[in-house]
Each structure stands twice: as C-alpha cells, then as structure tokens.
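Thanks for coming. I will go through one structure today and keep to what can be computed from it.

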Amino acid sequence: MNWDSIKGNWKQITGKVKQKWGKLTDNDLTVIAGKRDELLGKLQERYGYAKDRAERELDDFTRSLDQP
C-alpha cells in the first residue's frame, strides 16, 4: 500500500498502527494524520529507534497492509 492510500484511509488504519505500536497515543495518531515523516519521528521518540530501524519497521508494516 502506498502512502497516498494510507493517508486517505488513515482513520481505518489507525487501529492496525495501535496494534503494532501500542505506545502511540490517540493524540499522536491525530497529529500524525497519515504523514509518514511524522510517524517515523514518533516511532523514534516513543521507542528510541534509530532512523533506519524506524524506516525498516514502517516499510515492513506498510507491506503487511497489502497482505489479505
């Protein structure tokens, strides 16, 4: 799934984001609003991920959205 699709369906995808990264708050998800860079920053902040790890985790998550 590409980021335009994710941004367009953000409200539906937030549940999956919260399942994967439970430390993200509802307020975080509202602020992120489907913006990839914002989500990367919050993952780094909440989980202490390095930028490359946050990007890898996010890419894996994005690919998982394409799975049935």
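This is a predicted model: local features need pLDDT of at least 70, side-chain atom pairs count only at pLDDT 80 or more; totals for chains, interfaces and linings use all residues.

Residues are numbered from 1 along each chain as its sequence is written, and side-chain values use heavy atoms, with hydrogens and water left out.

Start with helix 5, residues 51-65. Helices here are DSSP runs of H or I with at least four residues, numbered from the N terminus. Helix 5 has 15 residues and spans 21 Å from first to last C-alpha, close to the expected 21 Å; the expected span is 1.5 Å times one less than the number of residues.

Which residues of helix 5 are buried? They are Ala54, Glu57, Leu58, Phe61, Thr62 and Leu65. Buried means under 20% relative accessible area, exposed means over 50%, and partly exposed is in between, with a 1.4 Å probe and protein chains only. The arc is taken from the directions from the helix axis to the C-beta atoms. They pack against helix 1 (3-8), helix 2 (10-20) and helix 4 (36-47), where contact means heavy atoms within 4.5 Å.

Helix 2 has Trp10, Ile13, Thr14 and Val17 buried. Their arc is only 125°, which puts them on the same side of helix 2. On the other side, Gln12 and Gln19 are exposed.

Now the core. A nonpolar core is a set of buried Ala, Val, Leu, Ile, Met, Phe, Trp, Tyr and Cys residues joined through side-chain atoms within 4.5 Å. The largest one has 17 residues, and Val17, Trp21 and Leu39 have the most contacts inside it. Helix 5 gives the largest share, four residues. Leaving aside neighbours within four places in sequence, Trp21 is in contact with Leu43, Tyr47, Tyr49, Glu57, Leu58 and Phe61.

Two of those contacts are themselves a ring pair. Rings of Phe, Tyr and Trp (its six-membered ring) pair if their centres lie within 6.5 Å; planes under 30 degrees apart are stacked, over 60 edge-to-face, and the rest tilted. The whole structure has two aromatic pairs. In one of them, Tyr47 and Tyr49 have ring centres 5.3 Å apart and planes at 25°, so the pair is stacked. Tyr47 is partly exposed at 23%, whereas Tyr49 is buried at 13%.

How many salt bridges are there? The count is nine, a salt bridge being a side-chain nitrogen of Lys or Arg within 4 Å of a carboxyl oxygen of Asp or Glu. One of them joins Arg36 and Asp59 at 2.9 Å, N to O. Arg36 is in helix 4 and Asp59 in helix 5, so this pair ties together parts 23 residues apart in sequence. Within helix 5, Arg53 and Glu57 meet at 3.3 Å; being four residues apart, they are separated by about one helical turn. Asp28, Lys42, Glu45 and Arg46 form a network of salt bridges.

Last, Ala33, in the loop between helix 3 (26-32) and helix 4. Ala33 has a positive phi of about 45° although it is not a glycine. Most residues other than glycine have a negative phi. Ala33 is partly exposed, at 28%.

Definitions and conventions: Helices (H or I, at least four residues) and strands (E, at least two) are DSSP runs, numbered from the N terminus.
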